[in-house]
Amino acid sequence: MRDWDVWQRHPEYTSVIALGGSLPKSTVEKLEKLGFVVDDGSKPAIKAGQLFFLHVKNSLEKHEYFRKVDEYKKKYGEEPLPVHLEELPELIMRFVGDVSVEQCLHISNFALDELLKR
């Protein structure tokens, strides 16, 4: 993995999201359309410029979490950076890199509206 990892998309690097659980197919398709490679463990290994391990916080037993991390580490030859599901919007925005102020506010307001429904 590159040392200067800032989570931004780069034409010479592949960004892989290794899944610690499942995501809806529509979410995976959107992430892939944006430029991520999403691996549920079934894809062949590729050279990853960035490798993220996406999981739901506290959803895996400790031994299961480390087993999955070790599998992806062995597969890609790199230690994946853990990312909780609630951090996915930030990962996406940082990956895109040129998110406008208006888009950030729209995303923030959408998140606030969703969370205030509780």
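Asp39 sits in strand β2, where strands (E, at least two residues) and helices (H or I, at least four) are DSSP runs numbered from the N terminus. Asp39 is buried, at a relative accessible area of 0%; buried means under 20%, exposed over 50% and partly exposed in between, with a 1.4 Å probe and protein chains only. The model is predicted, so local features need pLDDT of at least 70 and side-chain atom pairs count only at pLDDT 80 or more, while totals for chains, interfaces and linings use all residues. Residues are numbered from 1 along each chain as its sequence is written, and side-chain values use heavy atoms, with hydrogens and water left out.

**Asp39**

- A polar atom of the Asp39 side chain lies 2.6 Å from the backbone nitrogen of Gly41, and one lies 3.2 Å from the backbone nitrogen of Ser42.
- Such a polar contact is a pair of N or O atoms within 3.5 Å; within protein, one must be able to donate a hydrogen and the other to accept it, and residues adjacent in sequence count only if both atoms are side-chain atoms.
- Leaving aside neighbours within four places in sequence, Asp39 is in contact (heavy atoms within 4.5 Å) with Val16, Ile17, Ala18, Leu19, Tyr72, Lys75 and Tyr76.
- Between the C-alpha atoms of Asp39 and Lys57, 18 residues apart along the chain, the separation is 19 Å.

**The sheet**

- Four strands form an open sheet in the order β2-β1-β3-β4, with parallel pairing; two strands pair if DSSP finds at least two bridges between them.
- β2 and β4 are the edge strands, each pairing on one side only.
- From one strand to the next, the twist averages 30°.
- Three bridges join β1 and β2 in the parallel sense, and Ala18 stands opposite Asp39 in β2.
- Helix α2 packs on the sheet, touching β1, β2, β3 and β4, and its direction makes about 160° with that of β3.
- For these angles, axes are lines fitted to C-alpha atoms, for helices over the stretch in contact, and values run from 0 to 180 degrees between N-to-C directions.

**Helix α2**

- The 15 residues of α2 (residues 62-76) should span 21 Å at 1.5 Å a residue, and the end C-alpha atoms are 21 Å apart, which agrees; the expected span is 1.5 Å times one less than the number of residues.
- Tyr65, Lys68, Val69, Tyr72 and Tyr76 are the buried residues of α2.
- They lie on the same side of α2 because they cover an arc of only 100° around the axis, the arc being that of the directions from the helix axis to the C-beta atoms.
- The cover over these buried residues includes β1 (15-19), β2 (37-39), β3 (50-55) and β4 (81-84).
- Exposed residues His63 and Lys74 are carried on the face of α2 turned away from its buried side.
- Just after α2, Gly77 takes a positive phi of about 75°.

**His55**

- His55 is in strand β3 and counts as buried, at 7% relative accessibility.
- The His55 side chain reaches the backbone oxygen of Phe53 at 3.4 Å.
- Not counting residues up to four places away in sequence, His55 touches Gly20, Leu60, Tyr65, Pro82, Val83, His84 and Leu85.

**Arg9**

- Arg9 is in the segment before β1 and counts as partly exposed, at 41% relative accessibility.
- A polar atom of the Arg9 side chain lies 2.8 Å from the backbone oxygen of Leu34.
- Apart from neighbours within four places in sequence, Arg9 is in contact with Leu34, Phe95 and Val96.
- Arg9 and Ile92 are 83 residues apart along the chain, with their C-alpha atoms separated by 9.6 Å.
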